[in-house]
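Dear colleague,

Please find below the structure for your review. My notes on its helices follow it.

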Protein chains: 2
Amino acid sequence: MTIADTAKSKATQEGQTRNEEIFQTAAELMVQRGYAGTSMGDLAKAVGMTKAGLYHHISSKQDMLLQILLHAMEELESTVIEPAKRIADPEERLREMIRLHVRGLFDHGLETALLFPERRHLEPAQQQVVGQRIQSYRGLIRETLRELADEGKLQDLDINITSSHILQTIAGIARWYRKDAGVTEAQLVEQTVNFNLFAILKVS
Amino acid sequence: MTIADTAKSKATQEGQTRNEEIFQTAAELMVQRGYAGTSMGDLAKAVGMTKAGLYHHISSKQDMLLQILLHAMEELESTVIEPAKRIADPEERLREMIRLHVRGLFDHGLETALLFPERRHLEPAQQQVVGQRIQSYRGLIRETLRELADEGKLQDLDINITSSHILQTIAGIARWYRKDAGVTEAQLVEQTVNFNLFAILKVS
């Protein structure tokens, strides 16, 4: 790597950190006030930029929401889906997916998870882009449940409905979790894995 | 019952049906546009009233949201909590609570369930009123799990986290269910009961 490459890489990294900060602050504000209740002016103020400066990064409020959701899906893909896909055993793969997804909620902001229902405010084509990536994650969960069924390990449960129930116990954490309620992240990870595995595994 | 009583009762009933219609339409609109994105004018138009006519029923948009959520909690109390409280056996009580709650989602509108996160837009005192009634329902689930633990029937699970997971599998249905996806209400009821009971019951 040349010095120029290193400098460029550092700038890219700083740019990414800055984008991450903007997305995080914007997500918090949109969750607080609702998508419709948040203006580009509010967003600029929250991230300490002028409106013109913010428009340099994103073209509209819709674009901001789209970028936040795509960024969240990229995080999910690199920190949950890719590592999980490398695990051959379906039971261990599912445990690891739940574990990593719950941890990711804490690492990348519970607020972003709360923002996903707001994707109804996006244009149909944008909704489709986000929707496809969510469906691809659901597909991996369904595929894992199917493998467990083939191994004779799955309870008598419908694979489609069960994959939704599992996802709701994870995403739902963003809705009920309060920092001051005395539940630790480690407990949540363990309990969410156990609850779901108890639910789906046949007792031999 | 006198004729006057009957007439009054009929008028009350019609008034309630009308209120129910207003709440349902308002809930759908608020879910579609977000709370902040819905005006009293939008609401009046959607329910076929003048703004003045609508103000005769409710005093503000906040009041509308509060009335919708309180009405939903009253439905939950009369159709889920009260019947469940009459069941002595904790396992059967929990089964029946999940069954009735999932059915209630379909009977009283999936949209209303989607509106609960919007209670952050209410005044603190109003949020507390809604919050207390939700807590009372969660309390009944926790109490039921505690009874199962006392009977030695509960898996090694944390009662607080587990009660939240159960509730998220139910409320979560409003977020992922689509009428055209080939899943029937009866299947959803059965699968949601089974998923949760498989999760929490120790296998003897």
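Axes here are lines fitted to C-alpha atoms, for helices over the stretch in contact, and the angles between their N-to-C directions run from 0 to 180 degrees. Please note that this is a predicted model.

In chain B, the axes of helix α7 (residues 124-150) and helix α8 (residues 159-171) come within 9 Å and cross at roughly 120°. That angle makes α7(B) oblique to α8(B), and the crossing is right-handed. From α7(B), the residues in contact are Tyr137(B), Arg138(B), Ile141(B), Arg142(B), Leu145(B) and Arg146(B). They meet Ile159(B), Asn160(B), Thr162(B), Ser163(B), Ser164(B), Ile166(B) and Leu167(B) of α8(B). By class, this contact has 6 nonpolar, 4 polar and 3 charged residues.

In chain A, helix α5 (residues 90-107) and helix α7 (residues 124-150) have axes that come within 9 Å and cross at roughly 150°. Because angles over 145 degrees count as roughly antiparallel, α5(A) and α7(A) are described in that way. Their crossing is left-handed. Residues of α5(A) in the contact include Leu94(A), Met97(A) and His101(A), while those of α7(A) include Tyr137(A), Leu140(A) and Ile141(A). The contact of α5(A) with α7(A) divides into 8 nonpolar, 2 polar and 3 charged residues.

Helix α4 of chain A (residues 61-85) has a kink of about 40°, centred on Glu77(A). At 1.5 Å a residue, the 25 residues of α4(A) should span 36 Å, which agrees with the 34 Å between its end C-alpha atoms.

Yours sincerely

Note on methods:
Residues are numbered from 1 along each chain as its sequence is written. Chains are lettered from A and ligands numbered from 1 in the order in which they are written. This is a predicted model: local features need pLDDT of at least 70, side-chain atom pairs count only at pLDDT 80 or more; totals for chains, interfaces and linings use all residues. Side-chain values use heavy atoms; hydrogens and water are left out. Helices (H or I, at least four residues) and strands (E, at least two) are DSSP runs, numbered from the N terminus. Angles under 35 degrees count as roughly parallel, over 145 as roughly antiparallel, 65 to 115 as roughly perpendicular and the rest as oblique. A crossing is left-handed if the near helix is turned anticlockwise from the far one by less than a right angle, and right-handed if clockwise. Contact means heavy atoms within 4.5 Å. Ala, Val, Leu, Ile, Met, Phe, Trp, Tyr, Cys and Pro count as nonpolar, Asp, Glu, Lys and Arg as charged, and the others, Gly among them, as polar. The expected span of a helix is 1.5 Å times one less than its number of residues. The bend at a residue is the angle between axes fitted to the seven residues ending there and the seven starting there.
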